[in-house]
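Work through the exercises below with the sequence and the model at hand. Each task is followed by a solution in steps.

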Amino acid sequence: MDMTNFKKNDIFEAEVLDLTHEGQGVVKVDSYPFFVDNALPGERIKMRVLKVGKSFGFGRVDEFISQSEHRTTQLNLDYLRTGIADFGHLTYNEQVKFKQKQVVDILRKTAGKEDFPVSPVIESIKTIKYRNKAQIPVQMVNGILTTGFYRKNSHSLIPVEDFYIQHPEIDAVVLFLRDEFRKINLQAYDEKTRKGWLRNIVVRRGFHTSEMMVSLVVTSKKLPENVDLVIDKLVEHFTNIKSVQLNINNGTGSFILGKEFVLLYGKDFITDLMLDKTYQISAPAFYQVNTPQAEKLYETAFEFAELKPGDIVIDAYSGIGTIGISMADRVAEVYGMEVVPAAVENAKRNAQLNELENTHYEVGTAEKIMPKWLDEGIKPDVIFVDPPRKGLDETFIKSATATNPRRIVYISCNPATFARDVVRFENEGYILDKVQPVDLFPQTHHVEIVALLTSKK
Ligand code: SAH
């Protein structure tokens, strides 16, 4: 098809054929695909062309001719346009079916597995208001300090008051700060002029303890006039706030957090529980955002591991130590590595808080520490890996499998890199045995899985 046949603002009537893994509807006009927000498979739409590229284009729905029975209007459209809840127009039942199918499809495409028996998704107990963390951008909109979310693929702010997928008390903190900051005429940061102080409000709330941490991402340590009074009011109003910090970010990149934190109130951590163990969590450390689902994820991981009392276990990408600490009293030794120093400090402290003496943590990348441990003669029986979206490194896989651990339990937040790594593990003598998706992120396209790889030897 010659793409010059399509122009911006052309209108076609078409049926939506499929959904991309990021939740856009797929429409084909003369076999040329368009990706369309807020369009579901089976729907007939009048589509307006937004953009025409070499091999695909983008369109938007001008009018629905028919709508899917799986469409829901639980979340409003403005909110969907932020891309934060890109599955919010699909019923929950269909969301989880789609996620399961996506894992089956990617294992076929990338790892050559015909219809791998991926288990049905473990559904989330809560499908809205579940997140224990929020990072909310702040901007001046028509001269008024405003909190909300960015429009998809942009930095233009859509004001949001009910954030739907995060704990309502987090919304309340954000609105409280917004209103108090308006009263003192605080200026939000402007990306164009690089003026203004406040960039983001980050809130974390312990699911089991309700303790909250508030971080204000700002351009400098110097507090503008009256901000200290707002903080006083905030902690007086929300007595479960245990930590207020500044995070200094004067950069122009897209990173939300800068390196430096400054404590304004309380301690530099909050405490929460997971699977009845206690954890201190500091601001730079990763912590799963859907706590009850993460607990199910870990329980599935332990079931897959079939731990034995004499086992040496590696908890790779250990964060604040949650996976290793949850199971440490069932095994002989736990070794964890993690690249964020503050998270490793938390992990060491958390092992003490839970009265464990068989855990060992090191700061560094998994791909550097794993070969080092191999040289030092550490021989794991079971390895848990829980990497970020980019998945595992070849070096890591080679050294992790060198001493032939019995089982490898792979927790992944990205099925694409997971499927790639499955092939690498197969090349080292491992078999993919089980794959269990767990829904940690309702209303979004994100898929979390836990998988079992067993040694052939
Ligand atoms: N297992 C923990 C953390 C998982 S998130 C939990 O369940 O909470 C992934 C973690 O990997 C993050 O803490 C991140 O800081 C860390 N990380 C990212 N790249 C890494 C690398 N190359 N080596 C080691 N850790 C890394």
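**Exercise 1.** Find which residues come nearest to the ligand, and list polar contacts that hold N or O atoms of the two partners within 3.5 Å.

*Solution.* Step 1: the ligand has 16 residues around it, and Y298, Y317, E338, A366 and D386 come nearest; a residue counts if one of its heavy atoms lies within 4 Å. The model is predicted: local features need pLDDT of at least 70, side-chain atom pairs need 80 or more, and totals for chains, interfaces and linings use all residues. Numbering starts from 1 along each chain as its sequence is written, and side-chain values use heavy atoms, without hydrogens and water.

Step 2: the side chain of Y298 places an N or O atom 2.6 Å from a ligand oxygen. A polar backbone atom of A366 is 2.8 Å from a ligand nitrogen, and a backbone N or O atom of V339 is 3.3 Å from a ligand nitrogen.

Step 3: the protein buries 90% of the 570 Å² that the ligand exposes when taken alone (Shrake-Rupley method, 1.4 Å probe).

**Exercise 2.** Locate the largest nonpolar core (buried Ala, Val, Leu, Ile, Met, Phe, Trp, Tyr and Cys joined through side-chain atoms within 4.5 Å; buried is under 20% relative accessible area, 1.4 Å probe, protein chains only).

*Solution.* Step 1: this core has 45 residues, and L307, M327, F384, V409 and V450 have the most contacts inside it.

Step 2: domain 2 (133-274) and domain 3 (290-455) both contribute residues, so the core lies between them; the bounds come from an automatic or database domain assignment.

Step 3: F384 touches, among others, F302, L307, M327 and V409 (heavy atoms within 4.5 Å).

How values were computed. Buried means under 20% relative accessible area, exposed over 50%, partly exposed in between (1.4 Å probe, protein chains only). A polar contact is a pair of N or O atoms within 3.5 Å; within protein, one must be able to donate a hydrogen and the other to accept it, and residues adjacent in sequence count only if both atoms are side-chain atoms. Lists of a residue's contacts leave out its neighbours within four places in sequence.
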